[in-house]
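Work through the exercises below with the sequence and the structure in view. Try each task before reading its solution.

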Amino acid sequence: MQIKLEGLERTYTGTASAGDVHAVQQVSLLIPSNTIFGIIGKSGAGKSTLVRLISLLEKPDAGSIFYDGERVDNLTGQKLIQRRRRAGMIFQNFNLFSSRTAGRNIAYPMEICGMPKARIQERTQELLELVGLADRGDAPVSTLSGGQKQRVAIARALANNPDVLFCDEATSALDPQTTRAILELIRQIQKKMQLTVVMITHQMEVVRDACDEVAVLDAGRVVEQGPVSQIFSAPQAAVTRDFISNLAPMTADDDGTVTHRQGMVRWSAEGGRYILHFIGSMTGEPVLSNMAKRFDVSFNIRAGGIQLLPEQQVGTMIIDIAGDEAETANALAYLRSQGVAVEETKQ
């Protein structure tokens, strides 16, 4: 399902001392069907408000929301209820019923819709198997780990065969290893069910590991959007560059198993006039060595790291280039001609 947002506005009335809060300001987006679309922003950027608007839990003060070309923000009554039932929602803190077993949590939305008991039991078991909990249907929620609880929450969100799945900080309460497992599960489900997934997060790792496209939110506005590889290779907004600069590259053991993340490797606290971004196979090419051979320049690498996106790699390197103005300009032009994105810092 394609989702289109046009000029969304949402303001919360404040107090005399604090004033109004303009949580969402003139947000226009096109979320393609059958993709995982990330919306990232720092605390207070308006992410949670935006997802509540998109999922029809709140109405915008202005603007329009379209699902597959049909306007939906003006729905009321039973039409609104029916439309909401075609959307799944996953929350940070799971929102499971502690009084119900895993299976009965999954069954709950089907019970509300009046589905026959036999079909509820059948569908519940199908979903337990889908999320890797086939033998945990009778387990009390209190006996489940955080990752298992989120798997139950995912299964519950899929119970009524939604055409869109909203994930509001769905992995923020999980450890890194469990987060990767949950993101991989969401990717598998998205491909299998051809869902549109809207993922709200403040973690660039989530965008890197799961999303196809991303919009960056800052102070209630979209400041940048595009394919994840484009955002990583040529970030335009200051907030995006900040997210990426603080992003932990993936590292692996000798057998290739990714086990942990550490910050970008920086071996010089000074310098770094140019930031280079390498995409795909370019991460393994000796581009800088070739540059130094062609032009009368030398280079000094200050920092570097590689991010593993779902479909390709993006490498980032911070360097200085020494040489006269003309040779340096030629060297930079050469790098760009080889497909390297070059960003000059303000030093």
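**Exercise 1. Surface, charge and overall fold**

Task: State how much accessible surface the chain has and what part of this surface belongs to carbon and sulfur atoms. Then describe the charges, the extent and the contacts of the chain.

Solution: 
- Step 1. The model is a predicted one. In this model the accessible surface of the chain comes to about 16,500 Å², and carbon and sulfur atoms hold 47% of that area.
- Step 2. Of the 347 residues, 48% count as buried.
- Step 3. There are 36 positive and 39 negative side chains, and the centres of these two sets lie 7 Å apart.
- Step 4. Taken along the principal axes, the C-alpha atoms fill a box of roughly 75 × 55 × 40 Å.
- Step 5. The chain has 11 helices and 17 strands.
- Step 6. Take the contacts with a separation of 6 or more: 69% of them join residues 24 or more positions apart.

**Exercise 2. The sheet of 6 strands**

Task: Give the strand order of the open sheet of 6 strands, and explain why one side of β6 and one side of β10 lack a neighbour in the sheet.

Solution: 
- Step 1. The order is β6-β7-β8-β3-β9-β10, and the pairing is mixed.
- Step 2. β6 (87-91) and β10 (221-227) stand at the edges and have a single partner strand each, so one side of each is left without a neighbour in the sheet.
- Step 3. On average, and with direction ignored, neighbouring strands of this sheet are turned by 15° against each other.
- Step 4. Strands of a sheet pair through backbone hydrogen bonds, in either the parallel or the antiparallel sense.
- Step 5. β6 and β7 are parallel and pair over 5 bridges; F91 stands opposite D168 of β7.
- Step 6. β7 and β8 also run parallel, joined by 5 bridges, and C167 has M199 in β8 as its bridge partner.
- Step 7. β3 (residues 36-41) runs parallel to β8 (residues 196-201), with 5 bridges between them. Here I40 has T201 as its bridge partner in β8.

**Exercise 3. Helices on the sheet, and a covered strand**

Task: Then decide whether the residues of β7 are buried or exposed.

Solution: 
- Step 1. In β7, 5 of its 5 residues are buried.
- Step 2. Both faces of β7 are covered, with V164, F166 and D168 buried on one side and L165 and C167 on the other.
- Step 3. A181 lies in helix α6. Buried requires under 20% and exposed over 50%, so A181, at 32% relative accessibility, counts as partly exposed.
- Step 4. A181 and T171 are 10 residues apart in sequence, and their C-alpha atoms are 10.0 Å apart in space.

**Exercise 4. The sheet of 5 strands**

Task: Give the strand order of the open sheet of 5 strands and the sense of its pairing. Name its edge strands, and state which strands helix α10 lies across.

Solution: 
- Step 1. The order is β13-β15-β16-β14-β17, with antiparallel pairing.
- Step 2. β13 (265-266) and β17 (341-344) are the edge strands, since each pairs on one side only.
- Step 3. β13 pairs with β15 over 2 bridges, and V265 stands opposite G304 in β15.
- Step 4. β15 pairs with β16 over 10 bridges, and I306 stands opposite G315 in β16.
- Step 5. β14 (residues 274-279) is joined to β17 by 4 bridges, and the bridge partner of I275 in β17 is E343.
- Step 6. Helix α10 (residues 287-294) lies across β14, β15 (298-308) and β16 (313-322), running at about 155° to β15.

Technical notes. Residues are numbered from 1 along each chain as its sequence is written. This is a predicted model: local features need pLDDT of at least 70, side-chain atom pairs count only at pLDDT 80 or more; totals for chains, interfaces and linings use all residues. Side-chain values use heavy atoms; hydrogens and water are left out. Buried means under 20% relative accessible area, exposed over 50%, partly exposed in between (1.4 Å probe, protein chains only). Contact means heavy atoms within 4.5 Å. Accessible areas come from the Shrake-Rupley method with a 1.4 Å probe; for residues, only the protein chains shown count as cover. Lys and Arg count as positive and Asp and Glu as negative; His and the chain ends are not counted. The place of a charge is taken as NZ of Lys, CZ of Arg, CG of Asp or CD of Glu. Two strands pair if DSSP finds at least two bridges between them. Axes are lines fitted to C-alpha atoms, for helices over the stretch in contact, and angles run from 0 to 180 degrees between N-to-C directions.
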